[in-house]
Amino acid sequence: MAPAAPAGRRVAGARPHAAASARPYPGPVSTSPLSLEPDTDALRGAVELLTGRPLVALTGAGLSTDSGIPDYRGPGSPRRTPMTYTEFVSGPEAQRRYWARSHVGWARMAHAEPNAGHRAVAALEQAGVVHGVITQNVDGLHRAAGSRAVIDLHGRIGDVVCLGCRRISPRDALQERLAALNPGFVESVGPAVEAAPDGDAVLTEVAGFRLAACTGCGGVLKPDVVFFGENVPRDRVDRAYALVDALAADDGALLVAGSSLTVMSGLRFVRRARQLDVPVVIVNRGATRGDDLADVLVDRGCSETLTALAGVL
Ligand SMILES: [Zn+2]
């Protein structure tokens, strides 16, 4: 362990491959504001640990904040209570509330574009360094940036599933149907709506919003994303575990980016890596639930950090 880590720099617990954490802190070398970046040392440690290893990236909402999609779990985030699965399937009233909000929020989600962090991950995949991406994000921005080996743990907000016949259809098509059924609705609530990670938006006036049913069977349509209170489909979990397990065989490392690992759906993969003695680097602004399991913690933004990593790995 580094002695007397200065405030603002977090150092992971000592592990055999935590070379960076084992080195003594060199101390401030300059009073220039540029050198006061608290985690430059950690970034150096991340590079040392990750260089030459195949990687799997586990990403969360913090990666997409630079694309204008707010992270509702990040530091200083507004409080928000998402709709649970039980509530959604309780009946048309809840579904009207969900789809009315989503109808307004969709425009913003649909126009979001990948940022430098997504592009860095895609570049690392093209370079053969990143072997797979496990994302908790439903925004589809990894694929938009060019990543191919992506496991959308929580589904994709761009897809809609029928709860009757399970048919998957594009969200864009539903948006057109909802617009036709509810002319002027988006305009009536004004532009000052707040988009959420799941494409939801906060508004209260949903009375009179008309729902669209499945064109095939008339069933209830649900966004094809995992709601709170709903389990991630088993095959997805298994494929993600397989990616992590392969790291153990290939002397690889797990790179967590932009996730506070608040929910078990993501944290379990960090635990698995730790069990298999696969090194873990976490890049996230603020503390995460996986900090105790990490070899190196980089308390910086994803876009700048991943860009820096992609430049040297
Ligand atoms: Zn159907």
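1. The largest nonpolar core has 51 residues; a nonpolar core here is a set of buried Ala, Val, Leu, Ile, Met, Phe, Trp, Tyr and Cys residues joined through C-beta atoms within 7 Å. A residue is buried if 20 or more other C-beta atoms lie within 10 Å of its own, exposed if 12 or fewer, and partly exposed in between, with C-beta atoms placed from the backbone. Leu254, Val256, Val280 and Val281 have the most contacts inside this largest core. Val280 is in contact with Leu254, Val256, Val270, Ala273, Arg274, Leu293, Ala294 and Asp295, leaving aside its neighbours within four places in sequence; two residues are in contact if their C-beta atoms, placed from the backbone, lie within 7 Å. There is also a second, separate core of nine residues, and Tyr98, Ala100, Cys162 and Leu178 are among them.

2. Please keep in mind that this is a predicted model, in which local features need pLDDT of at least 70, side-chain atom pairs count only at pLDDT 80 or more, and totals for chains, interfaces and linings use all residues. Residues are numbered from 1 along each chain as its sequence is written. The average pLDDT of the chain is 84, and 79% of the residues score at least 70; pLDDT is the predictor's confidence in each residue, from 0 to 100.

3. For the overall picture, you will find eleven helices and nine strands in the chain. Helices (H or I, at least four residues) and strands (E, at least two) are DSSP runs, numbered from the N terminus. Of the 313 residues in the chain, 42% are buried. Among contacts with a separation of 6 or more, 71% are between residues 24 or more positions apart.

4. Eight of its eleven residues are buried, so α5 is largely enclosed by the rest of the structure. Those buried residues are Gly117, His118, Arg119, Ala120, Val121, Ala122, Leu124 and Glu125. Their cover includes β1, β2 (130-135), α6 (141-145), β7 (253-257) and α11 (302-312). After α5 comes Gly128, with a positive phi near 85°.

5. How do α5 and α11 pack, and at what angle? Their axes are 7 Å apart and the angle is about 25°, which makes α5 roughly parallel to α11. Axes are lines fitted to C-alpha atoms, for helices over the stretch in contact, and angles run from 0 to 180 degrees between N-to-C directions. Angles under 35 degrees count as roughly parallel, over 145 as roughly antiparallel, 65 to 115 as roughly perpendicular and the rest as oblique. The crossing of α5 and α11 is left-handed; a crossing is left-handed if the near helix is turned anticlockwise from the far one by less than a right angle, and right-handed if clockwise. On the α5 side, Ala116, Gly117, Ala120, Val121, Ala123 and Leu124 meet Cys302, Ser303, Leu306, Thr307, Leu309 and Ala310 of α11.

6. Within α11, Cys302, Ser303, Thr305, Leu306 and Leu309 are buried. The elements covering them include α2 (40-50), α5, β7, β8 (280-283) and β9 (296-298).

7. Another helix pair is α9 (residues 234-250) and α10 (residues 264-275), whose axes come within 9 Å and cross at roughly 25°. These two helices are therefore roughly parallel to each other, and their crossing is right-handed. Ala240, Tyr241, Val244 and Leu247 of α9 make the contact with Phe269, Arg272 and Ala273 of α10.

8. Thr84 sits in the loop between β1 (55-59) and α3 (85-88). Is Thr84 buried or partly exposed? Thr84 is partly exposed, because 14 other C-beta atoms lie within 10 Å. Not counting residues up to four places away in sequence, Thr84 touches Phe227, Phe228 and Gly229. Thr84 and Phe227 are 143 residues apart along the chain, yet their C-alpha atoms are separated by 5.7 Å.

9. Finally, two residues have a positive phi without being glycine. Arg166, in the loop between β4 (155-162) and β5 (168-170), has a phi of about 70°, and is exposed, with 11 other C-beta atoms within 10 Å. Asp277, in the loop between α10 and β8, has a phi of about 60°, and counts as exposed, with 10 C-beta neighbours inside 10 Å.
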